[in-house]
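Visitor: I am new here and would like to be shown around. Could you walk me through what there is to see?

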Amino acid sequence: MTKIALEAIGYKVNKDLLIKGNQIDLFVEKNEPLTTNRFIVECKDYNSNISIDKLRSFSQVLASISTKEKPVLGLFVTNRGYTKEAKVFAESLNITLLTLKELLDLSFNVTHVIERIIEKFETDELSGKYIALSCQTAEYSSGTIYKPVEKFIDNFLFNTKRAGAIVLGNFGTGKTSFAKHYSYTLAQRFIQKNKQFKALPIYINLRDVNNLYSLEATLLQTLNNLYNANASMVGLKHWLQNKNTIIILDGFDEMASKMDKFECSNNINSLFNFIESFSLIKVLLTCRTHFFKTQIEENQFKNALRLYIRDWGTEELTDYIKLSNPKNN
């Protein structure tokens, strides 16, 4: 795992080298514009914090390898942490101490993503005017009505092996509002302790995307440009392979409005091939109902649920008026 994380942030990694009679776990190098950074890396999987004794041994190895002409730095990585004495000792010798989690965060800073999603929603005018929406699993049905949509989606996404859900609705029903609000809900939940239904949300407005053929590249671009994630492709793939993630793709009809049925089909196939290659990913795709019915073949979405947002009724209109004019309440 340490090797993967270091490669994710651009280091060339060599394993299990014998250097000047010392067995080295990892020797890593990275060319910078003005210098080359070299580290020997010690990896320890202990049940307790690393003590100063372990670092003393490591520092002796480092001193025997590093030279003035070719300086080598030290990096110690553990799954737990370090004692106070060990931290002071390492600082005096310029040895970097990291936990594995901290190292992995350098290849994909999830914290920035969560903070940005929360900030964007709370500064959006939608924040104080979001109306709880209702949904059904059939377009025309007298069956069960679920409200709010978020509660139904939670139970569905986190208790099924299905790929996700296609959220359908007419113009003005609030599909984008729901997509943004659910992203915000997931982001808040992500940083709270002892909460169920945890997953990293990645919201993408498909109006800004040409196609879904290179979804990995689109995700990486979105994370870095909009969310300041400082993610590498290797770091992103590692996350997607190991952590629960919900990709929220908003407005398929807006992206695909200039495509013919063949092109739409290819994009959808590409999307679900991508989702199926990562077992911990779920997808929410919003689309206008009419576009879905006329441009897309039903069987293309495989086992994804079709979920229909209901048109606003008296309750939704009343709630909206109250939130829009709080002085009149």
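Visitor: Which residue stands opposite V77 in strand 5?

Guide: This is a predicted model, where local features need pLDDT of at least 70, side-chain atom pairs count only at pLDDT 80 or more, and totals for chains, interfaces and linings use all residues. Residues are numbered from 1 along each chain as its sequence is written, and side-chain values use heavy atoms, with hydrogens and water left out. Strand 4 (residues 73-78) runs parallel to strand 5, and 5 bridges join them; strands pair if DSSP finds at least two bridges between them, and strands are DSSP runs of E with at least two residues, numbered from the N terminus, as are helices (H or I, at least four). Across this pairing, the residue facing V77 is L98.

Visitor: In what order do the 5 strands of the open sheet come?

Guide: The pairing in this open sheet is mixed. Its edge strands, each pairing on one side only, are strand 1 and strand 5 (95-99). From one strand to the next the twist averages 30°, with axes taken as lines fitted to C-alpha atoms (for helices over the stretch in contact) and angles running from 0 to 180 degrees between N-to-C directions. The order is 1-2-3-4-5.

Visitor: What angle does helix 4 make with strand 5?

Guide: Helix 4 (residues 100-107) packs on the sheet and touches both strand 4 and strand 5, where contact means heavy atoms within 4.5 Å. Its direction and that of strand 5 make an angle of about 90°.

Visitor: Is F76 buried or exposed?

Guide: F76 lies in strand 4, and its contacts beyond four places away in sequence include I50, F58, Y82 and L97. Buried means under 20% relative accessible area, exposed over 50% and partly exposed in between (1.4 Å probe, protein chains only). With a relative accessible area of 1%, F76 is therefore buried.

Visitor: Which residue in the hairpin of strand 1 and strand 2 takes a positive phi?

Guide: Strand 1 (residues 12-19) and strand 2 (residues 22-31) are antiparallel, paired over 7 bridges, and L17 stands opposite I24. The hairpin has 2 residues between its strands, and the one with a positive phi near 50° is K20.

Visitor: How far apart are the end C-alpha atoms of helix 7?

Guide: The expected span of a helix is 1.5 Å times one less than its number of residues. Helix 7 (residues 175-190) has 16 residues, so it should span 22 Å. The model agrees, because its end C-alpha atoms are separated by 22 Å.
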